[in-house]
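Visitor: I am new to this one. Please show me the model, and I will ask as we go.

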Amino acid sequence: MSTRLAAVRARIDEAAIRAGRSPTAVRLVAVSKTKPPEVIREAYAAGQRDFGENYVQEMAQKAALLADLAELRFHFIGALQRNKARQAASVASVIHTVDREELATELDRRAGALGRTLDVLLEVNVGGEASKAGCAPEAVPALLEAARRAEHLRVVGLMAIPPYLEDPEAVRPYFARLRALRDTLEAPALLPELSMGMSHDFHVAIEEGATIVRVGTAIFGAR
């Protein structure tokens, strides 16, 4: 585990330096969905603190079993239904997949009831794929405005899952599109996070401005 994590972190550092960026500007989220709590504990012992989960119930169960790990942070990166908002808001440190105003409103209500301010990212369907969640790029300004009206949400950036293409270079335009969209909405300092890039293409995402990369297979192996 420590060897795989070190290899991924080295690739992150190399990509950041190639792009003229500081390696500390990129956060690694280890995608631990379907993996047992013991594997997360092993990665935590190797220095990893941020973990990505796709299913609310699974995330909650793992959080309960790993409650002794004081610095553990769960990022929710799956499609989120409104009826799961309460549990997600109670467990996740960051929710990456806010893609509609109704969900933002529900998360705001649930976070308020918990006395929390919840960090969220707006998910954008940069590839226009019917099979994927995320709001259309042209709908992001209205969603951002609505989410910013929420008293208990802090909108920290944008997230995307581009089409899967074997050649990482072929994915580059989608990463560039998300960064360009952010830059037209806000100065980067006001909307700093770009969550994009996975195991096979995260180096390209970093070159295009990713601040969060979501890596599973390269750390934990195939599911």
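Visitor: Which helix holds Glu58?
Guide: This is a predicted model, where local features need pLDDT of at least 70, side-chain atom pairs count only at pLDDT 80 or more, and totals for chains, interfaces and linings use all residues. Residues are numbered from 1 along each chain as its sequence is written, and side-chain values use heavy atoms, with hydrogens and water left out. Helices are DSSP runs of H or I, at least four residues, and strands are runs of E, at least two, numbered from the N terminus. Residues 56–65 form such a helix, and Glu58 sits in it: α3.

Visitor: Is Glu58 buried or exposed?
Guide: Buried means under 20% relative accessible area, exposed over 50%, and partly exposed in between (1.4 Å probe, protein chains only). Contact means heavy atoms within 4.5 Å. Not counting residues up to four places away in sequence, Glu58 touches Ser32, Lys33, Thr34, Lys35 and Glu53. Its relative accessibility is 16%, so Glu58 counts as buried.

Visitor: Why are the buried residues of α2 on the same side?
Guide: In helix α2 (residues 37–45), the buried residues are Pro37, Val39, Ile40, Ala43 and Tyr44. An α-helix has 3.6 residues a turn, so residues three or four places apart point the same way. Glu38 and Ala45 are exposed on the other side of α2.

Visitor: Which elements do the buried residues of α2 pack against?
Guide: After α2 comes Gly47, with a positive phi near 105°. The buried residues of α2 pack against α1, β2 (50–53), α3, β3 (73–76) and α9 (217–220).

Visitor: How far apart are the end C-alpha atoms of helix α5?
Guide: The expected span is 1.5 Å times one less than the number of residues. Helix α5 (residues 101–114) has 14 residues, so it should span 20 Å. The model agrees, with the end C-alpha atoms apart by 20 Å.

Visitor: Which residue does the side chain of Asp119 make a polar contact with?
Guide: Asp119 lies in strand β5 (residues 118–123) and is buried, at 19% relative accessible area. A polar contact is a pair of N or O atoms within 3.5 Å; within protein, one must be able to donate a hydrogen and the other to accept it, and residues adjacent in sequence count only if both atoms are side-chain atoms. At 2.6 Å, the side-chain partner of Asp119 is Arg154.
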